Amino acid sequence: MASGRLGSAYIEPFRTVQLYNNSSGGAASLSLLAQVKSSTSNVAISAKIDGGSTAAETTAQIDSNSYNKETLKLLYNNNTTPTSTIGKIAYASYSTSNSDTSLTVTPFPSGTAAGTDGTGHSMPWCGTTKFTDWGYAPQFPIYWEGSAYVRYYNEAAAAAGGFNFFAAQVNKNWSPWPSQTHQNTSINYYNKGACADPYCIGAPVFLHDNNAYQTVVYYTGDTSNTRAQEASTSLYRQQINSNDPGTNERPDKLTYASGGMAVFTHTSATRYYFVYYGRNPANTDVFGNVIRYPESTFNSAGQKPLWIRSDPQAGIQHSSGYPAITFHEYHPTKNKIYSCATVRTTSGYKKALLEWQCDALDAYMTANQFTTNSQDYWQSAATLENLIEKGWVLDKTDNLPTEFLTFQSKVRGSMKRFQKDLWAIKIKGSDGTNKFYQTSDFENWTEISSSTNYEEIVSTDIQVKSTGSVTNSIASNFDTVPDAGLIEHQTSVNNYERTGLVMSNNDKLYVRNHSDTAIAVQAMGYEET
């Protein structure tokens with residue numbers, strides 16, 4: 001008679017295991033225990049008992065090659081149930097030399113390259129045609145500099161374009177383009193580059209030219225969009241610097257937009273602006289007001305943005321080798337914006353990782369959107385302490401790798417979100433060291449390594465994993481196990497125990513993890529003889 005721990009597993013996110021198979025010839029009495037490796041996080045689990053022969057998961061080979069972490073994203077013939085790979089996206093080179101690195105798309109089976117991200121590196125890349133699953137807006141912007149167009153795609157248009165949609169995101173001059181939901185009219189002020197906020201309703205695209213004139217284009221429907229353009233009355237020209245702002249291109253990115261906040265910096269100016277407008281503004285005319293100055297030029301129907309001016313210290317500017325911003329990205333799972341920036345403090349300035357509290361910013365905007373109070377810091381430079389006191393920012397600098405912490409830190413390979421909760425970047429520190437990092441939360445960072453196999457959660461039911469020899473898809477079969485044996489259904493647990501389970505001979509106990517956090521499970525008990 002076996003007794004004690006009869007089965008155990010550490011269930012990875014969204015995986016299913018057969019925890020125990022009673023092959024004793026008699027009954028078994030069990031307790032099901034589960035524990036998350038955290039004192040605060042909960043994980044949703046389900047459990048079933050069944051006497052059939054269903055496997056917990058089905059593994060199928062989808063590629064005879066194995067890939068490592070240096071492949072940022074595999075492309076599949078089907079984004080829901082992949083049966084083969086059709087391409088991959090990776091940085092062009094993982095060299096640590098002092099050189100710039102672009103993204104490249106390599107399709108299968110032709111082996112011809114679809115190109116690199118070129119000067120369009122500032123635009124977002126979603127890595128999937130199901131971009132709303134990743135927290136993006138229902139429309140996704142792609143900027144084509146060659147014709148000065150912003151093109152908007154919904155999921156149906158993106159899926160229909162297939163590989164071309166991916167290639168168009170990475171290579172702005174890819175041809176032929178997939179059919180798009182809508183295309184704006186020609187833009188006047190754009191020749192120094194663009195940045196886009198795909199997380200915001202309207203998906204605004206901010207552009208600028210060598211005169212510090214600005215344009216914003218935003219989506220207002222499948223057959224319409226709006227373009228606002230500011231020449232001598234642009235925020236850039238009036239409040240930052242009227243000279244050539246510099247190019248928003250690799251590796252000299254100067255403007256950013258993500259999660260309802262834009263950042264405008266200037267190659268030869270210390271002063272720069274964080275401008276918050278929110279992910280779901282009450283009126284999309286706020287986008288035009290983001291780039292307008294003075295206030296008398298505002299669209300009267302438009303919500304006022306929150307301008308936060310930072311002015312760290314003379315000489316802290318891009319042209320002197322001190323980029324103000326290293327990255328600026330929204331994390332949709334956490335509803336936070338992360339800015340690695342050189343900011344003013346009460347005692348000088350510092351390089352910091354700012355965690356913007358979107359809930360607090362939204363509450364402030366709702367209360368002050370039509371009053372002059374919504375521009376707290378547009379005439380005086382904000383300090384880090386001011387922002388923390390307001391409740392808008394937390395200082396999350398402590399865990400940043402040293403390459404990010406120097407005032408000279410510079411992007412060498414554009415930051416891209418290549419899986420649902422994974423971002424990658426190539427960064428150069430003041431000592432000339434170049435490293436590739438990935439992060440899932442912007443607080444913890446892992447150097448990208450060729451010794452780690454590729455893996456991806458394609459959906460809650462499908463995962464892709466390389467083994468070192470081949471690449472497989474792994475599909476959960478939990479839903480095919482009869483529900484008659486269901487004993488737990490997406491029960492949220494941290495420390496859990498279910499006692500009194502009596503299993504007949506040949507019964508199996510299946511456990512499903514429905515969350516993005518792993519959990520340890522054990523079957524404790526005894527078998528009759």
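1. A charge sits over a ring if NZ of Lys or CZ of Arg is within 6 Å of the ring centre and within 35 degrees of the ring normal. The charged end of Arg417 meets this criterion over the ring of Tyr136, 5.4 Å from its centre. Arg151 is likewise placed over the ring of Trp177, with its charged end 4.6 Å from the ring centre.

2. The model is predicted: local features need pLDDT of at least 70 and side-chain atom pairs count only at pLDDT 80 or more, while totals for chains, interfaces and linings use all residues. Residues are numbered from 1 along each chain as its sequence is written, and side-chain values use heavy atoms, with hydrogens and water left out.

3. Rings of Phe, Tyr and Trp (its six-membered ring) pair if their centres lie within 6.5 Å; planes under 30 degrees apart are stacked, over 60 edge-to-face, and the rest tilted. The count comes to 30 aromatic pairs. Tyr236 and Phe264 form a tilted pair, 5.9 Å centre to centre with 45° between the planes.

4. Tyr277 and Phe287 form an edge-to-face pair, at 5.5 Å and 85°.

5. The whole structure holds 0 disulfides, a disulfide being a pair of cysteine sulfur atoms within 2.5 Å. The sulfur of Cys358 is 11 Å from the closest cysteine sulfur, in Cys200, and is therefore too far for a bond.
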